[in-house]
Amino acid sequence: MQNNVTAARPANPASFADNILEVRNLKKYFPIRSGLFGRVVGQVKAVDGISFSIGRGTTMGLVGESGCGKTTVGKTILRLNDKTSGDVLFNGEEIFGLGSQELRKKRPRIQIIFQDPYSSLSPRMPVGEIIGEAVKEHGIVPESEFDSYITRIMESCGLQAYHKDRYPHEFSGGQRQRICIARALALNPDFIVCDEPVSALDVSIQAQIINLLADLQKEFGLAFLFISHDLSVVEHISDTVGVMYLGSMAEYGTTEDIFSNPLHPYTKALFSAIPVPDPTVKMDRIILEGSIPSPANPPTGCKFHTRCAQCMERCKTIAPKEVDFSGHMVACHLYYEDKQ
């Protein structure tokens, strides 16, 4: 047991001058409708009160099992989904408080790279138009500089100028993802949501895309929310890490803290599955029994208690509060000083 623990939300590590994004108690519920008149009979609690911040020019990794709400977080931040409650502040300004004209001005500053480079590109448009369509729409550069600007963006992403007239089906998976990155980069953003951008690619190509993102971050000062299942990739690219389970944040802190000293039983189980490239090393795999509960009917108390080997009686009825170990946040009853 560590000392100096307070059962409270950790203070933001930096002010808005340092954080490009602040998410506070964000919730996104989807209604379940039934019957002839579509009466709401329940709610799918896809995101259920999570908080985190992302510093300028840094990367936050967001990990968790499929269906835990990672992608919904990214889409809600971008206002592709409406929020149920909570705050999303970009440069200190509430995203959901913006009118349509104000939001339109903000759109270029917040971009997304989708998971599937095959379905996220229009097959009917050449690459030059795909990358430049939004640039023209938002007037990013004067028309006289448009062609040279698109060429410069493409070259920054490892593409050649003659690729402008080719169509997406003429490219490999890695090249298509570079096109997706160039499309986002062309709007001169400050923040990009990377929704599993390498999961559909071969391992060798994954490394190229990860290195490209790291290089672009250094060159343009970008901040990333990097959503992924691959913990090794997250460890390599991220400055901070959030671990989600069933719509809630189980653990959050710096990458070094999370990977060197995971606290939550769920985080420990995830990390135990990371393969070690040494056949002589014995894997201490933690097997989670049972299935993930439905977000439409989450368990009472701690959502993880149905699969946790360290479950206590209070875990079954009382939802754990967030405990702060000097910026390393964990939501687990094991770390309360006072276990009433």
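Two strands are said to pair if DSSP finds at least two bridges between them. In this predicted model, strand 3 (residues 59–63) and strand 9 (residues 240–245) meet that condition, pairing in the parallel sense over four bridges. Within strand 9, Val241 is the residue that stands opposite Gly61.

Both strands belong to an open sheet of eight strands with mixed pairing, arranged in the order 6-7-8-3-9-10-12-11. Strand 6 (110–113) and strand 11 (322–325) each have a single partner strand and stand at the edges, so one side of each is left without a neighbour in the sheet. On average, neighbouring strands of this sheet are turned by 20° against each other, direction ignored.

| Helix | Strands touched | Angle between directions |
|---|---|---|
| Helix 1 (residues 70–77) | strand 3, strand 7 (191–195), strand 8 (223–227), strand 9 | about 150° with strand 8 |
| Helix 9 (residues 265–272) | strand 9, strand 10 (248–254) | about 105° with strand 9 |

The largest pocket holds about 450 Å³ of space. It is lined by 22 residues, of which Asp48, Ser248, Lys303, Ala319 and Pro320 are the closest to its centre. Strand 1 (19–34), strand 2 (39–55) and strand 10 are the elements that give two or more residues to this lining. Strand 2 supplies the largest share, four residues. By residue class, the lining of the largest pocket comprises 10 nonpolar, six polar and six charged residues.

Conventions: Residues numbered from 1 in each chain as written. Predicted model: local features only at pLDDT ≥ 70, side-chain atom pairs only at ≥ 80, totals over all residues. Heavy atoms only, no water. Axes fitted to C-alpha atoms, helices over the stretch in contact; angles between N-to-C directions. Contact = heavy atoms within 4.5 Å. 1 Å grid on protein atoms, 1.4 Å probe; cavity = no way out; pocket = protein on both sides within 12 Å on 5 of 7 lines; lining within 4 Å. Points joined across faces, edges and corners; volume = space filled by probe spheres on them. Nonpolar A, V, L, I, M, F, W, Y, C, P; charged D, E, K, R; others polar.
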